[in-house]
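User: I'm new to this one and would like to learn how to read it. Could you walk me through a few features?

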Protein chains: 2
Amino acid sequence: VTTTWLPVPPDSPFGIANLPYGAVEWPGHQRPRVAVPIGDQVLDLAGALERIDGDLAFLVRGPSLDHLLAAGPDGWAALRATLVHLLSDDRHREVVEPALLPRDRVRPVLPFTVADYVDFYSSEQHATNVGRIFRPDSPPLPPNWKHLPIGYHGRAGTIAVSGTDVVRPCGQRKPPDAATPTYGPSVRLDIEAEVGFVVGTPSVVGSPVAAADWRQHVFGVLLVNDWSARDIQAWEYVPLGPFLGKSFLTSVSPWVVPLAALEDAFVDPPAQDPEPLDYLRPAGPGLALDLEVRLNGHVVSRPPAAGLYWTAAQQLAHLTVNGASLRTGDLYASGTVSGDRRDQRGSLIELTWNGTEPVELPGGETRGFLADGDTVTISATAPGPDGTRIGFGEVTGTVRPAR
Amino acid sequence: VTTTWLPVPPDSPFGIANLPYGAVEWPGHQRPRVAVPIGDQVLDLAGALERIDGDLAFLVRGPSLDHLLAAGPDGWAALRATLVHLLSDDRHREVVEPALLPRDRVRPVLPFTVADYVDFYSSEQHATNVGRIFRPDSPPLPPNWKHLPIGYHGRAGTIAVSGTDVVRPCGQRKPPDAATPTYGPSVRLDIEAEVGFVVGTPSVVGSPVAAADWRQHVFGVLLVNDWSARDIQAWEYVPLGPFLGKSFLTSVSPWVVPLAALEDAFVDPPAQDPEPLDYLRPAGPGLALDLEVRLNGHVVSRPPAAGLYWTAAQQLAHLTVNGASLRTGDLYASGTVSGDRRDQRGSLIELTWNGTEPVELPGGETRGFLADGDTVTISATAPGPDGTRIGFGEVTGTVRPAR
C-alpha cells in the first residue's frame with residue numbers, strides 16, 4: 001500500500017491512489033496552472049517539478065493539460081511515478097509543500113482544449129427508455145443498436161467546466177398536437193449523466209485504432225452533464241440527429257482521472273449478444289463508476305456505469321474504424337448512464353417518464369423537468385486499491401432564465 | 001472599374017475584384033504563408049505588407065488565416081482596401097513584386113484552424129431526392145424541413161485541404177435484404193458538392209446571433225466536398241444522424257473568398273412557404289455560385305447554389321438561436337447543392353438514383369458510385385463586377401483503395 005506523508009484522510013476521494021489532473025486559477029499567477037488534488041489540498045505541478053525534473057515540468061508548464069495529453073503513455077506513466085514518489089517519500093517535503101494550497105483557494109477551469117466531441121448512446125437501459133418515450137410505436141431499440149455503438153458529433157465549442165451556469169435555451173418546438181412550431185424557451189430542460197473519455201495520443205487519418213489499443217490513446221476519464229432541451233430535440237432530430245437540443249452547453253468535471261488510477265474499477269462488461277464484429281473485439285473492461293445525481297442537493301438517482309453495454313475500447317474502435325483520425329483533446333462520452341431500476345436513471349426524461357411521473361423533492365416540490373434556479377450536481381466514485389474510493393469530484397451547474 | 005497594373009487576363013477567376021485568402025507552403029519558408037492569388041500569380045501577404053503597415057501585417061504573419069478571421073469586419077475591410085490599393089497603383093510595384101510567385105510554385109494547406117463544423121441540409125431538391133431514396137415509404141421532406149434549416153455537427157478534425165487523397169473507408173453496412181451487418185470497405189462511396197461559410201468573429205455563449213447580423217460574423221466562402229459512404233450511413237444514421245458515413249474526410253478548397261468580393265453574387269433566395277419564424281428573418285441574400293462537378297475530368301453536374309432554400313444568414317441564426325456560441329474558425333456548410341434538373345444534382349446517389357442509373361463517362365465506362373482511382377473535382381464561379389467572374393478555385397481528391 002502506498003501511503004503519503006501529507007495529511008490525507010484515509011477515506012478521501014483524492015488519496016494518493018487517485019492523483020487526477022486539472023487546470024486551476026492559482027493566486028498570484030495570470031494563467032491557469034496544471035494541478036493535482038490531494039486530500040483537501042491541491043498541488044501546483046509545475047511549481048513542484050520545476051527544480052526536480054525539467055522534462056516532466058515541461059509537460060505541465062502550460063495553462064492546460066494539452067501538453068501532458070499529447071505526451072502519450074510513457075510520459076503519463078513517468079509523471080505519475082514521479083508524483084507518487086514525491087508524495088510518498090517525506091524527504092521531498094521541502095519541494096512539495098511550497099507548491100500546495102487548500103483546494104478551496106483555487107478555481108478550476110476547462111482542463112484541456114477540446115478537439116472533437118462525440119457522444120455515444122451506450123446504455124441499453126437508457127436507449128430502451130428513450131426509445132419507448134420518443135418512438136412509442138416502434139421497437140424501443142433501433143435495429144443497429146446491438147451491432148454498433150451509436151454515436152454522433154456534438155459541439156466542442158460549448159463544452160464548459162463545472163460551475164458554469166446553463167442559460168435556458170430558446171428555439172423551435174412543436175408539441176405533437178400543434179399544427180406548427182413556435183419559438184420560445186425550452187420547457188423540457190433536462191440533464192444526462194455521462195462518463196467521458198479524454199484522448200491523449202493522436203492517430204493518423206486512414207488508420208483505424210484497434211480496440212485492443214485503446215489505452216495507448218485514452219488518457220483518462222471525467223464526468224459529463226450533457227444538458228438537453230427535450231422539446232427542441234424532439235422536433236429537430238429526424239433525420240440528421242440531435243443538434244440545438246444539445247449544443248447550448250455541455251458541462252464537464254474539472255479533474256481528469258487517469259486510467260492508471262482505475263485498475264481496481266475495471267470490470268467485465270455485460271455479455272453482448274449478438275457477438276460484435278471483429279473490429280469491436282476484444283471489448284476491454286467496463287468501468288465500475290458509481291454516479292450520483294443531485295437536484296438542489298437531493299439525490300435523485302445513482303446510475304451505475306458498470307452496466308454500460310458498449311465499452312470505452314469499443315467506442316474508440318468504432319469511432320476510428322472508417323479511418324477518422326484522433327486528435328489530442330478529443331472527448332468521447334458514454335451517453336446517459338442508466339441502470340435497471342428507476343432510481344438508477346441518468347436523465348429526468350427517464351426518471352419522470354417524460355414528465356408524467358414527477359420527481360418529489362424534500363419540502364413537497366416536484367419536478368418534471370428543470371426549473372430556473374435549479375442546481376444539478378453529478379458526482380462519482382470508483383473502487384480503488386484496498387477498499388479505498390477513487391473520487392471524480394463533481395460536475396455542477398445552475399439553470400438561469402432564458403434571455 | 002478597379003484595374004491592376006499586374007498582368008492579369010480580364011477573364012481570370014482571380015482578378016482584382018476577387019482577392020481570396022489562403023495559406024500556402026512558400027519556397028524558402030518553413031511555415032506556411034498567408035497568400036492571395038492574383039491572375040496566375042500568388043502574393044505573400046506578410047512579405048508585401050511588412051514594410052507598409054505593421055498592424056495589417058500582424059493579421060497575416062501567422063501560418064494560417066486564424067488571426068485575420070479573428071480581426072472582425074473592420075480588420076477585413078482595412079486589409080482588403082490596402083490590397084486593392086497596392087495592386088491598382090503601380091507605384092507599389094517595388095513592394096509587391098518581390099512578394100509574388102507563379103501560383104504553381106506554392107502548395108496550399110488547410111487555410112485556417114477549423115473549430116466546430118456544422119453541415120446543413122438546405123437544398124430542397126437534394127433533401128427531396130435523398131428522402132425518396134432513403135425513405136421511399138414516407139413523404140420525401142420530413143415535417144420540420146420547411147420550418148428550420150436542419151443541420152448536424154460533423155468531425156472538424158478530418159477536414160482537409162483540396163488535394164488530400166480519400167482512403168476508401170471501412171465499416172459496418174447491412175443491405176436491406178441481409179439478416180446481419182458485415183464489415184468491409186464501403187461499396188457506395190459518394191461526394192457532396194457544398195458551399196461552406198467561414199466564421200471569423202466569435203460570439204458569447206447564451207447570446208444568439210440575429211439573422212441580420214450574419215455579416216458581422218461570417219468572413220467568407222469556400223467549397224466543400226463532404227465525402228459520404230452511403231452504405232455505412234444508411235445503416236448507422238437512425239436515430240442519432242450521420243456519423244462514420246461522413247467523418248472519414250471532408251475536403252475544402254484552399255481559397256476563402258471574402259463576402260466583400262461577392263456583392264454581385266447576392267441574389268434573392270427562393271420564396272419560403274410557410275413563412276419562417278421571426279428569428280429566421282430577414283432571410284438575407286442567396287449566393288449565385290455556379291458549381292461544377294467533374295469525375296475524372298468529365299463534367300457530371302452543374303449545381304446552382306442560388307436555389308438553396310435556406311440562406312447563410314438563416315443557417316447562422318438557427319445555429320446560435322439556443323445560445324450556442326461561435327468561435328473563430330467555425331465552418332458551416334450548405335449541405336449538398338442540387339438543382340431541379342438531373343444534371344444539376346450535387347451527389348452521385350442523386351445523379352445515379354442510388355446507383356440504378358449509372359453516369360456514363362467518355363470511353364464507355366459507367367459509375368454508380370466512386371471507384372478506386374477516381375478523381376472528383378468541384379469548382380465554382382460567381383458573378384463579379386462588370387460581367388467578370390469571381391473564381392473559387394477547386395476542391396479535388398482521388399480515391400485510394402481501402403487499407
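User: Which side chain does the side chain of Ser186(B) make a polar contact with?

Analyst: Keep in mind that this is a predicted model. Its side chain makes a polar contact with the side chain of Asp231(B), at 2.7 Å.

User: Where in chain B does Ser186(B) sit, then?

Analyst: Look in the loop that runs between strand 11 (182–185) and strand 12 (189–190) of chain B.

User: Is Ser186(B) buried or exposed?

Analyst: The general idea is to check the relative accessible area, where buried means under 20%. Ser186(B) has 1%, so it counts as buried. Leaving aside neighbours within four places in sequence, Ser186(B) is in contact with Arg168(B), Pro169(B), Cys170(B), Ala229(B), Asp231(B) and Ile232(B).

User: What about the largest nonpolar core: which residues have the most contacts inside it?

Analyst: In soluble globular proteins, nonpolar side chains tend to be buried together. Here the largest nonpolar core has 151 residues, and Leu262(A) and Leu262(B) have the most contacts inside it. Apart from neighbours within four places in sequence, Leu262(B) touches residues including Val221(B), Leu287(B) and Phe392(B).

Key: Residues numbered from 1 in each chain as written. Chains lettered and ligands numbered in written order. Predicted model: local features only at pLDDT ≥ 70, side-chain atom pairs only at ≥ 80, totals over all residues. Heavy atoms only, no water. Helix = DSSP H or I, 4+ residues; strand = E, 2+ residues; numbered from the N terminus. Buried < 20%, exposed > 50% of the residue type's maximum accessible area, 1.4 Å probe, protein only. Polar contact = N/O pair within 3.5 Å; in protein donor to acceptor, adjacent residues only side chain to side chain. Contact = heavy atoms within 4.5 Å. Core = buried A, V, L, I, M, F, W, Y, C linked by side-chain atoms within 4.5 Å.
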